[in-house]
Amino acid sequence: MPHAVVIGAGPNGLVAANLLADAGWSVEVLEAQPEAGGAVRSDRGVHPDYVSDLFSAFYPLAAASPVLADLELQKEGLSWEHAPRVLAHPLPDGRCAVLARGAADTAANLDTFAAGDGAAWLDLCAVWDRLGPDIVRALFTPFPPVRAGVRLAARLRSVGGLRLARRLVLPVRRLGEEEFRGEGGRLLLAGNALHADLGPEAAGSGGYGWLMSMLGQTYGFPVPAGGAGVLTASLVRRLERRGGTVRCGERVTEVVVRGGRAVGVRTEGGESVPASRAVVADVSAPALYGELVDATHLPARLLDDLRRLQWDFATFKVDWALSGPVPWTAPEAATAGTVHLADGVDGLTRFAAQLATGQVPDRPFLLFGQMTTADVTRSPAGTESAWAYTHVPHRIKGDAGEGALSGLWDQREQQAMADRMESEVERWAPGFRSRIRSRRLLAPPTLQAMDANLHGGAINGGTAAMHQQLVFRPTPGTGRPETPVKGLYLASAAAHPGGGVHGAPGANAARAALRGRAGRRLRPPGLPWVVRAGRDSPEKPRSTGRS
């Protein structure tokens, strides 16, 4: 009997399994798909000579994550590659905002939009230099981040205190207008905010756009050499060397609960897999509480809160095998791994407004990836392995374009949406279509079929908006991985700190399981344990008022 069963071999599940194995636990990971990785996989499905990442592709959060750093995955074959420039956002007039690996280079680019904007950028960088390490530590530790939070609070006063806090909760449009005279800096912040589902007018989008920009400038937007699947393979290899096992093609259909405690799981094939210490679930919150755990074991309030859970935007992605480099009109874009395509901040607002009103955008904002530019092993010399994704509503009320897209996502609708995206690329790179050798379309239902955590094509496990973060993630509560069922821990992006490939939800769940086990061993007879401020402490039974 394994000490722990982990449901799901995505990055968070594999991180949790590795940390439990490091502590000497026997661990069995059960994955529904034919291969491990969740949303971190690659293949040659677009063209046999091209490596394509199926879902996620660039990993600034992984590069910054102390969780992944501590696993020393370079010993398992993982290495990172970088494009010459991190990010570019071309404009119709030929100018191009550029995020570089050095603050001085980024600032010099922004000065071409408006004199003084470079200095304004360096002021934002100075704040990051003071706070960045503590922000990263706070982001990737269990909530509340007591130690990192204390350090962060102590440093806040030196960089503006409440005034800085105000800046970080601003909508990114307002932050950009306050900090920059020209459009370049505003574009970098606003485009990076939309790596989550935070439009230019969303509260807190300024802070998120600033965070992603600073992470990109500090760590880059790196890619695993050889494909996203190399990151997954390194996690699996490390786990197996420590005695853990990963079984693919094993869909879990039930978490077995006895006496209020998770004691194992059942698979679709009818197998019972016991767990003597913990069950760790790298699944969405609705899947865990609405499907795997019987409602009789859960508080009615939690089930009611789940009805209010908000998903992040649905996603539509296209992968391309290109016969040559993308023919950008802005030369700076040719050297960036990631390219944002939209008609300025106003174009981003228009895009977000169409999503909010249930319309398929007529001019979708594209996040475009140039993988061979970042890693030359991805395709033959002189070619490009590329992709782009955009967002669409979960519930489509209408089509702002001319394709009459309804959300059926049959073959006609998929082709029409891909053509719309390619038309957008053509605006910034005339002749792009002539270089397409083959393409692959990944509509929202396709993404979900390939990874159940990507509900309707939502890639972040739920909205990144302020009302569903920290103690509100996934529902109002503690913001921690513990669940109402003893021995059961939530380890997916549904838990704090949310989406992105950084391993923190998995690490938080593993550490909670280890603490829970230690608490059971050390608990004096007759004293139940409660969790307060991240520490286990005994509580005497309260009197019932009866003799």
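Helices (H or I, at least four residues) and strands (E, at least two) are taken here as DSSP runs, numbered from the N terminus. The model is a predicted one, in which local features need pLDDT of at least 70 and side-chain atom pairs count only at pLDDT 80 or more, while totals for chains, interfaces and linings use all residues. Residues are numbered from 1 along each chain as its sequence is written, and side-chain values use heavy atoms, with hydrogens and water left out.

Leu470 is partly exposed, with a relative accessible area of 42%; the classes are buried for under 20%, exposed for over 50% and partly exposed in between, with a 1.4 Å probe and protein chains only. Trp409, in the loop between strand E19 (398-399) and H16, also has a positive phi, of about 55 degrees, but Trp409 is buried at 8%. Two cis peptide bonds deserve a look as well: Arg473 is joined to Pro474 with omega at about -5 degrees, and His496 to Pro497 with omega at about 5 degrees. Pro474 sits in the loop between helix H17 (444-450) and strand E21 (488-490), and Pro497 in the loop between E21 and helix H18 (504-522).

Turning to the rings, aromatic pairs are those of Phe, Tyr and Trp (its six-membered ring) with centres within 6.5 Å, called stacked for planes under 30 degrees apart, edge-to-face for over 60 and tilted for the rest. The count by this rule is 11 aromatic pairs. One of them is the edge-to-face pair of Phe368 and Phe432, at 6.0 Å centre to centre and 75 degrees between the planes. Phe368 belongs to strand E17 (residues 366-370) and Phe432 to the loop between helix H16 (411-428) and strand E20 (436-442), so this pair ties together parts that are 64 residues apart in sequence. Phe368 is buried at a relative accessible area of 0%, and Phe432 is buried at 0%. Trp387 and Tyr389 make a stacked pair, at 5.8 Å and 10 degrees, and both are buried. Trp320, Trp328, Phe368 and Phe432 come together in one aromatic cluster.

Buried residues of H16 include Met417, Met421 and Trp428.
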